[in-house]
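Dear colleague,

I am handing over the structure we spoke about, and I would be glad if you could look through it before reading my notes below.

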Amino acid sequence: MPLLAIVVLAVGTYAFRLAGPLLQDRLTIPDHVRRLMSVAAAVLLVALIATAALTEGHGFAGWSRPAGVLVAGVLVLRRAPFPVVIVAAAATTALLRLCGLS
Amino acid sequence: MNSLWRTVDRGTLRDIALVCLADAIVAAAFGAISVSGGLPVWVPVAMSLLVFAGGAQFAAIGVVLAGGGPVAAVAAAMVLNGRLLPFGFAVADVLNGRWWTRLIGAHLMTDEAVAFVLRHDDPRKRRAVYWTVGLALFTVWNVAVVLGALGGRGIADTDALGLDAAFPAVLLALVLPSLADKRTRVAALIGAVVAVAATPFLPAGVPVLLALVGLVPSILSRTGRKRPGEAARPDEIPETGAATEAGTATRTDSTQETC
């Protein structure tokens with residue numbers, strides 16, 4: 001990985017990050033669009049969660065990982081504290097793998 | 001900075017600390033994997049400082065370690081980072097201060113920071129949470145990458161620890177409250193289904209962007225409703241408090257999204 005490639009990636013990534021904060025003054029964004037952006041962020045995060053939980057590369061990630069994430073989801077809905085949610089997710093997945101599940 | 005600390009409550013600080021801990025292990029694994037794959041130490045370190053995006057860093061290193069060229073590595077990572085563009089608009093209000101705070105703040109934008117910000121509606125809280133998550137994560141992430149690169153062979157196997165489940169779990173815990181809003185929930189559900197269904201066929205990162213089609217119904221319903229008085233929309237939860245307190249009402253039906 002040459003330094004040039006890292007720099008190109010860094011500059012491109014930074015441009016993505018900076019566009020919103022910089023352009024917000026130049027274009028007046030109506031309220032409903034602003035709200036839509038907020039919904040869009042949630043949609044992207046949920047899609048990220050779903051793909052990260054279920055897929056690995058182009059295929060299925062195996063059952064252990066989605067099982068751990070499912071446990072996390074149930075605990076969140078039951079108002080479990082955040083540390084419990086995260087530790088339970090990782091522990092579930094790790095235990096299932098220890099038992100030989102993919 | 002003092003007022004920044006006072007604005008973030010202890011519970012949130014604890015949550016942030018935990019996210020930092022989980023990310024630290026992932027970062028150390030990133031450093032360890034890169035170096036044990038034959039890359040010099042400065043590559044993961046420079047990449048973490050300059051790119052600072054976990055998924056993209058793993059993608060780029062993965063391509064290189066699999067024998068791919070730098071162009072393919074950069075392309076894969078850039079597509080993954082495409083979501084930062086809409087994220088930037090979603091949290092732009094947090095970065096509306098002086099120009100240099102925008103320049104620095106933008107670099108600290110991550111999935112985690114955006115997810116934490118979405119939990120709050122109060123502008124001061126949003127700003128304080130963003131900066132706290134951003135600065136803490138940037139510090140922890142980069143220190144852990146250095147440590148991992150210098151000698152953390154043992155932690156290369158994060159799968160055995162179930163840490164691959166921790167990342168989606170963290171985001172889920174952060175984003176679930178905002179799904180109490182029905183419009184958001186419907187959009188997110190459609191988006192998630194589309195993204196997962198598209199994963200076998202499209203390059204990494206594209207399916208997540210494709211999830212934005214989930215927004216189409218809410219855009220259409222808005223334009224259809226536009227004429228008879230814009231202001232009053234009964235189905236919409238007022239913005240204040242929607243993210244924090246609404247979780248109760250919709251507990252049962254938001255279960256679907258978790259699986």
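This is a predicted model: local features need pLDDT of at least 70, side-chain atom pairs count only at pLDDT 80 or more; totals for chains, interfaces and linings use all residues.

Residues are numbered from 1 along each chain as its sequence is written, and chains are lettered from A and ligands numbered from 1 in the order in which they are written.

Chain A holds four helices and two strands, arranged along the sequence as α-α-β-β-α-α; helices (H or I, at least four residues) and strands (E, at least two) are DSSP runs, numbered from the N terminus. The domain assignment, which is automatic or comes from a database, divides chain A into domain 1 (1-54) and domain 2 (62-102), and the centres of these two domains, taken over C-alpha atoms, are 28 Å apart. The radius of gyration of chain A is 19 Å, whereas a compact globule of 102 residues would have one near 13 Å; the value is taken over C-alpha atoms, and the globule rule is 2.2 Å times the number of residues to the power 0.38.

The contact between the chains takes 63 residues from chain A and 83 residues from chain B, where two residues are in contact if their C-beta atoms, placed from the backbone, lie within 7 Å. On the side of chain A that touches chain B, helix 2 of chain A gives the most, with 20 residues. By class, that side has 46 nonpolar, 14 polar and three charged residues, with Ala, Val, Leu, Ile, Met, Phe, Trp, Tyr, Cys and Pro counted as nonpolar, Asp, Glu, Lys and Arg as charged, and the others, Gly among them, as polar.

In chain B, an unreviewed UniProt entry lists transmembrane regions that include residues 12-35 and 186-216; the positions are in the numbering used here, feature names are shortened, and annotations may be inferred rather than shown by experiment. Residues 12-35 of chain B are 100% helix, with end C-alpha atoms 34 Å apart, while residues 186-216 of chain B are 61% helix, with end C-alpha atoms 10 Å apart. Thr12(B) lies in helix 2 (residues 10-36) of chain B, and Thr12(B) counts as partly exposed because it has 19 C-beta neighbours inside 10 Å (buried means 20 or more other C-beta atoms within 10 Å, exposed 12 or fewer, and partly exposed in between, with C-beta atoms placed from the backbone).

With best wishes
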